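Here's a quick briefing to read alongside the coordinates. Have a look at the model first, then come back for the talking points.

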Amino acid sequence: MDFCKTCGTVLPFAGMKCPKCGNGAENAGSTEIPSFRPNPSYSLVNDLTRYKELLSENEELETMIKPQSDFPTADQTNYKKRTLMFFFWPYLVGGIAGGVVIYIISVVISIMSLRNSIEYYSSAEQFANRYYGDVFGGYIVAIVIALIIIFFGLFLSKRKRNDFNSNADYMNMAAQEKYQKGLKNQRMIDLYQDNLHNMRKYEDIVPADYRTSAKVGAILKIIESGKAENIEDAIKQL
């Protein structure tokens with residue numbers, strides 16, 4: 001059985017590198033854990049490595065996180081569609097009203113025309129026939145105009161409804177995509193806050209002026225190379 005010469009980790013195979021610190025083994029074949037002196041900077045290296053990872057991740061998150069107010073909430077993503085009647089009813093009312101107005105105008109014109117020419121009719125029956133004929137003609141014209149307005153309005157209403165509902169579908173899709181981005185943004189915010197919490201236990205070992213991933217990485221490189229055994233000495237070499 002082998003043991004790591006640096007940290008004392010048990011190595012299952014003879015001569016293999018330590019899975020923790022990467023160094024070789026000593027006392028091959030021994031069945032007892034040997035006495036060893038662990039590298040005094042081993043724990044510091046692990047702490048600095050973890051601290052550098054957290055700093056690096058948060059520095060990247062800072063460039064990606066946006067204010068959560070920029071994203072919609074769930075109840076802001078529902079753009080309702082419209083029915084055909086929502087667009088059609090003004091044309092329906094307008095067609096009926098237009099027909100009634102045309103009919104009234106035709107009746108008034110007929111009465112005025114017949115009143116001015118009443119002396120040309122030899123009997124009341126002829127006058128009545130002319131009057132009812134004009135009124136019926138005005139009635140037909142009013143119905144035709146009303147139907148034209150209604151059918152034209154129906155055609156326009158279908159186009160407006162389809163355009164509006166297509167636009168509503170697009171807005172719902174765009175809002176849903178933005179809402180999903182908001183959820184992702186919130187997860188990044190949560191991760192950022194968790195990292196800040198986890199970094200507190202490492203901040204005491206690094207001076208405030210050196211708490212960036214680049215500076216911690218430089219300190220770590222000096223300690224790993226064996227040029228310094230503590231942070232103070234490593235800082236002096238920066």
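A contact here means heavy atoms within 4.5 Å. Keep in mind that this is a predicted model.

**The core**
- The largest nonpolar core has 18 residues, and Leu48, Tyr51, Ile219, Ile223 and Ile231 are the ones touching the most other members.
- At least two residues of this core come from each of helix H1 (42–64), H3, helix H4 (213–224) and helix H5 (231–236).
- H1 is the top contributor, giving six residues to this core.
- Leaving out residues up to four places away in sequence, Ile231 touches Leu44, Leu48, Ile205, Val206, Pro207, Ile219 and Ile223.
- As background, nonpolar side chains tend to be buried together in soluble globular proteins.

**Asn185**
- Asn185 sits in helix H3.
- Asn185 counts as buried because its relative accessible area is 2%, and the cut-off for buried is under 20%.
- Setting aside residues up to four places away in sequence, Asn185 touches Met64, Ile65, Lys66, Pro67, Gln68 and Phe71.

**The surface patch**
- Phe136, Tyr139, Ile140, Ile143, Val144, Leu147, Ile148 and Phe151 make a nonpolar surface patch of about 780 Å².
- One of these patch residues, Tyr139, lies in helix H3 (residues 124–203).
- Is Tyr139 buried, partly exposed or exposed? Its relative accessibility is 44%, so Tyr139 counts as partly exposed.

Conventions:
Residues numbered from 1 in each chain as written. Predicted model: local features only at pLDDT ≥ 70, side-chain atom pairs only at ≥ 80, totals over all residues. Heavy atoms only, no water. Patch = residues over 30% accessible without salt bridge, like charges linked within 9 Å, V, L, I, M, F, W, Y side chains within 5 Å. Areas by Shrake-Rupley, 256 points an atom, 1.4 Å probe, with all protein chains shown as cover. Salt bridge = Lys/Arg side-chain N within 4 Å of Asp/Glu carboxyl O. Helix = DSSP H or I, 4+ residues; strand = E, 2+ residues; numbered from the N terminus. Buried < 20%, exposed > 50% of the residue type's maximum accessible area, 1.4 Å probe, protein only. Core = buried A, V, L, I, M, F, W, Y, C linked by side-chain atoms within 4.5 Å.
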